[in-house]
Amino acid sequence: MGDNGTDETTAARVQTLRSQLQAASYAYYVLDAPDLPDEVYDRLYRELQDLEAAHPELVTPDSPTQRVGERPASQFTSVRHNIPLYSLENAFDLAEFRAWEDRWRRQAPDAGEVEYVAELKIDGNALALTYENGLLVRGVTRGDGTAGEDITPNVRTIRSVPLRLAIENPPPVVEVRGEAFLPLDVFEQINADRAERSEALFANPRNAAAGTLRQLDSRIVAARKLDFFAYTVYLDQFDSAQIQSAPNQITTQWAALELLQALGFRVNPNRQLCQSADDVQAYYDDWATRRLQLSYLTDGVVVKLNDFALQQRLGFTQKFPRWAVALKYPAEEAPTILEAVSFQVGRTGAVTPVAELRPVQLAGTTVARATLHNADRLTELDIHQGDTVVVRKAGEIIPEVVRVLAELRAAGAIASAMPTHCPQCSSALVKPDDGAVTRCINISCPAIVQGAIIHWARRDALDIEGLGEKWVKQLVEQGLVHSVADLYGLTEAALEPLDRMGKRLAEKLVGAIAASKTRPWASVLYALGIRHVGAVNAKTLAQHFSSAAALAAASPEKIETVHSIGPEIAQAVYQWFQVPANQTLIDRLQQAGLQLAATEFAEAAAAGPLAGKTFVLTGTLPTLTRQQATDIIEAASGKVTSSVSKATDYLVAGEKAGSKLAKAEGLGVTILSEADLLALGEA
């Protein structure tokens with residue numbers, strides 16, 4: 001045991017945590033190259049806080065818990081903040097938010113009923129802007145909270161930051177705090193441009209914004225289109241009544257936000273004045289999913305006591321204001337432990353490595369598996385058994401491993417590698433020299449057969465009701481089907497012995513399989529599972545080639561003449577029809593009575609109000625799904641393609657339209673809303 005009852009193991013752990021946190025802060029604030037995700041940093045920081053609370057004798061002045069951050073980088077002039085730019089205390093769930101409320105009430109037990117201001121927490125970079133006599137004279141980063149970097153030329157390029165305040169007689173000095181950030185569509189375009197130049201991609205919009213703000217060439221900053229939301233204002237003696245619509249006296253956070261708007265700043269419109277903590281909780285719950293539809297990232301809600309007098313009374317800790325808290329949403333990135341790597345074989349034979357994880361909460365769900373994509377990604381990650389990995393799940397996407405924390409790897413850990421033989425059928429795997437995908441090419445592989453049948457039965461393919469994954473697995477394992485054509489020879493007697501099938505379900509399944517024979521040629525073409533041929537391309541091809549025989553006889557050059565069908569798709573279709581086993585499959589489907597020809601397209605093509613018009617869909621529409629909008633267009637004889645070009649007649653744009661909208665505007669394409677589309681389709 002050490003002095004004061006502290007054991008040496010605890011003291012060593014505290015020192016290790018300090019070293020890790022200080023290294024991470026240096027990488028984040030000075031090098032602009034974060035090497036730990038926020039969730040890992042927060043976990044380590046919490047551990048250090050808890051140890052220091054239990055062993056106060058271990059607290060030292062240089063501990064990360066005793067300061068806001070690290071010193072600013074030396075490439076820019078260091079400027080001391082007139083008013084410290086504090087960070088906020090985090091609450092990681094509603095229970096911690098309530099605990100924060102209890103703490104401040106103990107400091108002000110007579111406060112009674114209070115108002116809160118709830119604002120979305122923008123995932124960007126804090127800035128302090130100084131205006132003298134109405135003119136912008138300085139823009140400074142947060143830095144360590146006490147001093148930051150003077151990046152005024154870069155701040156001046158942000159169009160949502162006014163160069164002059166929108167009043168005739170401004171006060172001598174006004175300081176505005178806010179968040180600089182990159183809109184999602186701009187971030188995507190920046191990374192696309194960097195990929196074309198073979199440059200490293202930014203990990204997320206916040207990192208990209210930080211890197212942009214610290215560019216020495218302000219022309220680069222201007223090209224990246226940063227945005228800014230203001231959220232705090234400090235000013236000298238100032239009669240706010242001179243500003244139209246501003247309150248007569250600035251005594252609350254809500255009034256300050258209105259003042260900022262009057263001064264010419266962009267203030268986030270998605271804020272709310274809350275009469276109680278219950279109202280804050282309702283706001284937090286409301287934006288838990290709505291935030292995913294915004295054009296920028298937000299990772300929580302900032303809650304502030306509205307009354308400035310109460311704020312002043314409560315004051316600050318060494319690190320945080322006592323009157324504000326950041327109520328965070330469940331992480332969309334989280335660290336966890338890799339327990340194993342398994343390998344899945346898809347319907348096209350593609351072998352995908354999958355990380356089997358220690359379960360972790362991520363974006364409101366429990367994640368135990370995450371994709372590792374392919375052999376190249378597996379090599380790039382250099383993943384080892386037992387590694388600590390960072391998993392991401394943005395919105396509704398499949399969880400993926402985005403980073404390995406190699407510094408936490410155990411000695412002697414074994415590296416993971418792709419298998420040389422199929423884990424399902426033991427056939428040798430193939431990986432082309434110019435491709436990333438490793439494949440099993442045995443078309444009789446049970447995994448390929450099972451995947452092909454599941455795809456065949458999908459609602460947007462042959463729509464075989466009741467033929468789910470568990471039944472398909474049994475059919476393949478029992479040897480009842482070896483291809484989709486075998487489905488049409490199944491009988492009730494053959495199905496009844498399957499586990500939990502029975503006579504009634506067998507009758508329904510045989511009926512559903514029979515009903516699928518009426519599905520149109522375009523659906524059959526999509527259901528065949530030809531590489532690169534999705535539902536939209538299948539409809540396009542079926543409109544130009546009215547039968548399987550016509551498509552099978554077409555050359556790649558002829559297929560490529562179809563609008564929106566490129567050389568890769570054309571080659572994939574041509575090669576598929578050249579395979580003898582696939583030709584046999586088409587013959588068997590023909591004999592089973594499926595629709596492998598259609599004549600209605602030629603008549604329909606000239607009949608609807610949108611005949612000859614090409615549409616592209618982008619963003620989230622108010623009420624229609626992407627498929628419903630496509631159905632409306634095609635029902636009116638229009639065509640839907642995936643990319644904007646000179647041949648595009650209309651772009652239907654919803655919320656978060658992204659780069660397609662900018663490209664369409666540049667080409668002079670007509671932009672439609674959902675309402676415009678509905679009106680056009682009924683014309």
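The axes of helix α12 (residues 446–456) and helix α13 (residues 469–477) come within 10 Å and cross at roughly 140°. Axes here are lines fitted to C-alpha atoms, for helices over the stretch in contact, and angles run from 0 to 180 degrees between N-to-C directions. That angle makes α12 oblique to α13; angles under 35 degrees count as roughly parallel, over 145 as roughly antiparallel, 65 to 115 as roughly perpendicular and the rest as oblique. From α12, the residues Pro446, Val449, Gln450, Ile453 and Ile454 take part in the contact, and from α13, Glu469, Val472, Lys473 and Val476. Contact means heavy atoms within 4.5 Å.

The model is predicted: local features need pLDDT of at least 70, side-chain atom pairs count only at pLDDT 80 or more, and totals for chains, interfaces and linings use all residues. Residues are numbered from 1 along each chain as its sequence is written, and side-chain values use heavy atoms, with hydrogens and water left out. Helices (H or I, at least four residues) and strands (E, at least two) are DSSP runs, numbered from the N terminus.

Trp576, Phe577 and Gln578 of α20 meet Pro580, Asn582, Gln583, Leu585 and Ile586 of α21.

The table gives the residue classes of both contacts. Ala, Val, Leu, Ile, Met, Phe, Trp, Tyr, Cys and Pro count as nonpolar, Asp, Glu, Lys and Arg as charged, and the others, Gly among them, as polar.

| Contact | Residues by class |
|---|---|
| α12 with α13 | 6 nonpolar, 1 polar, 2 charged |
| α20 with α21 | 5 nonpolar, 3 polar, no charged |

The model also contains an open sheet of 4 strands in the order β5-β4-β7-β8, with antiparallel pairing. Two strands pair if DSSP finds at least two bridges between them. Strands β5 (135–141) and β8 (227–235) stand at the edges with a single partner strand each, so one side of each is left without a neighbour in the sheet. From one strand to the next, the twist averages 25°.

Within this sheet, 8 bridges join β4 (residues 125–132) to the antiparallel strand β7 (residues 173–181). Tyr131 stands opposite Val174 in β7. Helix α6 (residues 205–213) lies across β4 and β7 and runs at about 40° to β4. Helix α8 (residues 253–263) packs on the sheet as well, touching β7 and β8, and its direction makes about 115° with that of β8.
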